[in-house]
Amino acid sequence: MNIITQREKQEFRAYFEKLKSPKTVAAMAEDWKTSPNFIRRRLQALGRNVVQKLPPEKGVPGRPAARYQVRP
């Protein structure tokens, strides 16, 4: 089921706003002990007014992952 309740959205937003630095979907999934798809759905639910997608870090081996932070 892809429905995200208002409470779940608020909980994720509170977590997301407390991040001190940008994080990848994988890192957030690890924090929440859940799947990357769970995190992606919540990022999408917050929307572009809240979520800012940053380019991947340079110099990191492997396929670089996008990072996310709260929009200033």
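I took helices (H or I, at least four residues) and strands (E, at least two) as DSSP runs, numbered from the N terminus. The model is predicted.

**Fold.** I read the elements from the N terminus on and got α-β-α-α-β-β. That gives three helices and three strands in the chain.

**Dimensions.** I checked the radius of gyration next. The chain has 12 Å, which agrees with a compact globule, because 72 residues packed that way would have a value near 11 Å. Along the principal axes, I found that the C-alpha atoms fill a box of roughly 40 × 25 × 20 Å.

**Contacts and surface.** I looked at contacts between residues at least 6 apart in sequence; 42% of these join residues at least 24 apart. Buried residues account for 25% of the 72 in the chain.

**Largest pocket.** I then turned to the pockets. The largest has a volume of about 460 Å³. I listed 17 lining residues, and the closest to the pocket centre are Val25, Leu43, Lys53, Ala66 and Tyr68.

Which elements each supply at least two residues of this lining? I found helix H2 (25-32), helix H3 (36-46) and strand S2 (51-54). H3 gives the largest share, four residues.

Nine residues are nonpolar, five are charged and three are polar.

Terms used
Residues are numbered from 1 along each chain as its sequence is written. This is a predicted model: local features need pLDDT of at least 70, side-chain atom pairs count only at pLDDT 80 or more; totals for chains, interfaces and linings use all residues. Side-chain values use heavy atoms; hydrogens and water are left out. On a 1 Å grid over the protein atoms alone, a cavity is a set of points where a 1.4 Å probe fits but cannot get out, and a pocket is an open set with protein on both sides within 12 Å along at least five of seven lines; lining residues have an atom within 4 Å of a point. Grid points are joined across faces, edges and corners, and a volume is the space filled by probe spheres set on the points. Ala, Val, Leu, Ile, Met, Phe, Trp, Tyr, Cys and Pro count as nonpolar, Asp, Glu, Lys and Arg as charged, and the others, Gly among them, as polar. The radius of gyration is taken over C-alpha atoms; the globule rule is 2.2 Å times the number of residues to the power 0.38. Buried means under 20% relative accessible area, exposed over 50%, partly exposed in between (1.4 Å probe, protein chains only). Contact means heavy atoms within 4.5 Å.
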